[in-house]
Every structure is written in structure tokens, then in C-alpha cells.
Amino acid sequence: MSAQFVSLEDVVNELLVDEGKNTQAEFLRYYNIGLRGLKELNFDVVRMIKAVELAVDSATNTITLPTDYVKFVNIAVLGSDGELHYLGRKERLNLVTGATPPTPESDSNYYDNVDEGVYGRYGFGGGNNANGYYRENLDNDTIEFSSITGQLENIILEYISDGSTGVTGDDIKVHTYAQEALASFIYWKSIQRKRGINANEKMFARKEFYNQKRLARARMNTFTKAEALQATRKAFKQAPKL
Amino acid sequence: MATTRKKLAEQVLRIIEGGNVSDDARIDIREVMVLVDQERDSFIRQLIEDRFYTKSTTTNKSELEITGDFVSLETGLSVSSNKVELPTQPISLPNDMGIIRVYSSTTEYVRMPYGGGTSTLNPSPLYNDTVTKSGKKFWYIQGTDLYLYQDSTATINVSYIAVSSSLSDTATYPIPADLESVIVKNLVETFTVMKGANEDYKNDNIG
């Protein structure tokens, strides 16, 4: 493992040392809290984004979501140019399995699924997508697809992972920038519901976690000079001199 | 040389009897040894809790600090069917902290809370998922039986604080040297009071 990451086990052990404990008697409890802390940080600070290629089931036009899936970031197909071509979101896609469309088919003004704007029907409006459409089906743990350019075969799914499902041991890790935030979370939660601990200590632990989380977010979102220059140069375009 | 329970008891007895312990001594050495054990157990809890109060602002019992003063180390214990019986009983402390460390030449075992199940189904539902995810190997204690959750056979070393009465009379008595004199002084005080009491020669059992 590179220095970029530190395992949850190491974070827990270091916290035990911080607290002056000589044994690992509390290890399992802290580890349990740490797993929740990892999710908390992965959602909005570290954003462990995974990318997978998934085959679309030709019978149902769906993909089954990975077990550690929390929320998608991008859904795309891979183009022959090596770049991702994003699909569009459509809330009108049917989620009911086996639902029967009316017969005879409605007229095209009502049931307009012929062109989907792909061929630029006059007056149809923009915002359409030639790559296809998706809709998340939370109830079934799937994503539904539709495409008028043919059956979608494979899609690239970029999603936020919870960081711990389906992995064990050293593979459960956190970015080094968020190490202190995770340790602060574990400490805060470990004392939060103990009656014998005074309120000041709990308040301090809570503030410490949010402060460490803020620091971690700031570190994760660093913006280099080169990136700034690149962003600026994108605005430069050739234009005719008048 | 490390002290033993018997040595301490003999010292107490010598002081009480003025240096020479005769066969007619009213106080039996077995009685002194029992009190030596009770003094040690009482010290262990008292000292550990004192360390806990002075080092921490919290009142969390799991903050107990345990140092090597009272610890026994048993090496080469053979585990079979996930279980090994400890030679002596560990002292009862919060979070099974009477047992300091369980390890083999290749593995460091971590404590898991007793879940009330069998050796293969012990973890309570609360920790089942965490046990799997951590990728670690665990032990738990049930009376004097120490169980390894994942390993059915192994050769392990265990360091723990044994209950005083479970140590043999001539075994090394794990106690800090400075506490030996405190135990002796306390017991001499106790027996001096006892010795000063008038004996009741009247038989109250008649009629």
C-alpha cells in the first residue's frame, strides 16, 4: 500500500496508543465505529470513486449495482476515441417489470419515441442524448436503460463506494489526508453515548471531528497552479480580427 | 529472586512470633497465606483503578491501565478444538482486561466480546460483520477456557493477571517489590490485633 492510504486497522491502533491504552481490548468496538466513519468520509470528503464496466442485461435492459455502490457519479459508454460519452437521465423510463404498453400503439404525437431528438426533429427541443438514457431503480438495486440506437452492451459506471463492502483487512483503507478525521470520528462516537463522560469532553470531541473533516476536505480539494493555468487557457479561442 | 506466597507468609509469621516460629504458634501459616492472596487481589484492583482515575478525566472503565507488575506469562499452551484451559484463573476486569495479550509465533489475536455462542458461532450479531471485515483473528474467554475463534489448533502464549488463590504456594508471585512490604505490614497489623484478643476458654456448647 502506498503512503497515499492508511488502513483502518492502523488508524484504530494509533488511536488506542493516543489514548494511552496498553491492550487491544477495545479494538473490535473501535473498528466497528471506524467502518461507519469511513462511510461518512467517503460520501463527501474523500469520495472514493470507483469505475467499473458492466454488461447491460439484454433481456431486462438493466445492470445490477455493485455491492459497495452508494451513488453514481457518471454513467457512460466508451467511445472508439477512448473517451466517455455520457448517457442522459430520464425519469420517464418504466421501472415496473412486465408492464404492458397499450394496444394499439398511441399516435406518435403522444408516444414520441421515434427519434428522441437524435436526428434533430425540427422544434423538438434540446437536452436529448444519442447515447441513451438511464434511470436508477432504488427498489431493485438496478439501473434501467433505454437506447434508440440499438441495444446497449456495456456501460462504464463511476460511483461512490462505501469503502468497506466486499473488502477485508488492509483493503479497508482511508486516504492519509483523512486519517486524523477518521480517528477523531472514532473517538467522538466511542464516548458520545457514555453517561459517565462530561459534556465538555463530548463537545470537544465533536468539534475536533468537524474541524479535522474540514481540514481533510481542504487538502483533498487542492488546486495546483498548472491546473489553474489550464482552466484559464481553455477560455482562449481563435477569433477573426475585426 | 522473585518472591512466593509462602515466603511472604513465613515473613509475616516470623515477625508476629518475634523471630522464632514454634510448633505451638497460635497462628497457622495457611491462614496467613490466604490473607496474603486477599491482600494482593485487593491491591491489584485498587492500584489499577487508581491509575485509571489519576491518568484520565473520564470515568470510562475501559481506560484502565495495566502494567506488567502483576502479569503472568504462560507460553506454549496447546489449543485444540478452538479451546485451551488456562492453568490459573484470570482476574475479572472490565472488557476482559485481566487477559493482556494472546499471541502465537505468527499471529496476534485480538479480544472479541463473549457472544454466548459456540466456538464457531460466538460473535454476537452486533459484531459479526466487523469480525469478518477486520480480517483479524480473535479470542474470547469463558471461565478459565480461552477460545480462539478462527483457529481450531495452535500453540499460543498468554499473558494475564491470575487470581492470587489460583497460583501455587511456591510459584512466582507476580507483585511489585515495593508492595511486598506493604502486604507484610498490613498483615502484621491484622494479626497483632488478633493476637492481642483474649482467648475464650469457656465452653458455650453445654446444655
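Okay, let's start with the surface: chain B exposes about 11000 Å², and carbon and sulfur atoms supply 48% of that. Accessible areas here come from the Shrake-Rupley method with a 1.4 Å probe, and for residues only the protein chains shown count as cover.

Before going on, some housekeeping. This is a predicted model, where local features need pLDDT of at least 70 and side-chain atom pairs count only at pLDDT 80 or more, while totals for chains, interfaces and linings use all residues. Residues are numbered from 1 along each chain as its sequence is written, chains are lettered from A and ligands numbered from 1 in the order in which they are written, and side-chain values use heavy atoms, with hydrogens and water left out.

So, chain B. You'll find 4 helices and 7 strands in it; helices (H or I, at least four residues) and strands (E, at least two) are DSSP runs, numbered from the N terminus. Going along from the N terminus, the order of elements is α-α-β-β-β-β-α-β-β-β-α. Of the 207 residues in chain B, 43% are buried. Buried means under 20% relative accessible area, exposed means over 50%, and partly exposed is in between (1.4 Å probe, protein chains only). As for contacts, meaning heavy atoms within 4.5 Å, take those in chain B with a separation of 6 or more: 73% of them are between residues 24 or more positions apart.

Now the sheet. In what order do the 7 strands of chain B's open sheet stand? The order is 1-7-3-4-5-6-2, and the pairing is mixed. Strand 1 (71-79) and strand 2 (83-85) of chain B are at the edges with a single partner strand each, so one side of each has no neighbour in the sheet. From one strand to the next, the twist averages 30°. The axes behind such angles are lines fitted to C-alpha atoms, for helices over the stretch in contact, and angles run from 0 to 180 degrees between N-to-C directions.

What holds strands together? Strands of a sheet pair through backbone hydrogen bonds, either parallel or antiparallel. Here, two strands pair if DSSP finds at least two bridges between them. Let's go through some pairs:

- Strand 2 of chain B runs antiparallel to strand 6 (residues 145-148) of chain B, with 3 bridges joining them; B:Glu85 has B:Asp145 as its bridge partner.
- Strand 3 (residues 99-103) and strand 4 (residues 108-111) of chain B are antiparallel over 2 bridges, with B:Tyr103 partnered by B:Glu108. A hairpin through 4 residues joins strand 3 of chain B to strand 4 of chain B.
- Strand 4 and strand 5 (residues 137-142) of chain B are parallel over 3 bridges, and B:Val110 has B:Phe138 as its bridge partner.

Is B:Asn157 buried or exposed? B:Asn157 is buried, because its relative accessible area is 16%. A polar atom of the B:Asn157 side chain lies 3.0 Å from the backbone nitrogen of B:Gly76. Not counting residues up to four places away in sequence, B:Asn157 touches several residues, including B:Leu73, B:Arg101 and B:Tyr103.

Compare B:Lys195, in helix 4 (residues 177-196) of chain B. B:Lys195 is partly exposed, at 32% relative accessibility. Leaving aside neighbours within four places in sequence, B:Lys195 is in contact with B:Ile16, B:Glu17 and B:Arg26.

Last topic: aromatic rings. Rings of Phe, Tyr and Trp (its six-membered ring) pair if their centres lie within 6.5 Å; planes under 30 degrees apart count as stacked, over 60 as edge-to-face and the rest as tilted. Over all chains, the search finds 10 aromatic pairs. In one of them, A:Tyr69 and A:Tyr159 have ring centres 5.7 Å apart and planes at 40°, so the pair is tilted. This pair links distant parts of the chain, with A:Tyr69 in strand 4 (residues 69-78) and A:Tyr159 in strand 9 (residues 154-161) of chain A, 90 residues apart. Both A:Tyr69 and A:Tyr159 are buried.

Then there's a stacked pair, A:Trp188 and A:Phe209, at 5.7 Å centre to centre with 20° between the planes. A:Trp188 is in helix 3 (residues 179-192) of chain A and A:Phe209 is in helix 4 (residues 199-220) of chain A, so the pair ties together parts 21 residues apart in sequence. A:Trp188 and A:Phe209 are both buried. Ring pairs also link A:Phe185, A:Trp188, A:Phe209 and A:Tyr210 into a cluster.

That's my tour, thanks!

Definitions and conventions:
A polar contact is a pair of N or O atoms within 3.5 Å; within protein, one must be able to donate a hydrogen and the other to accept it, and residues adjacent in sequence count only if both atoms are side-chain atoms.
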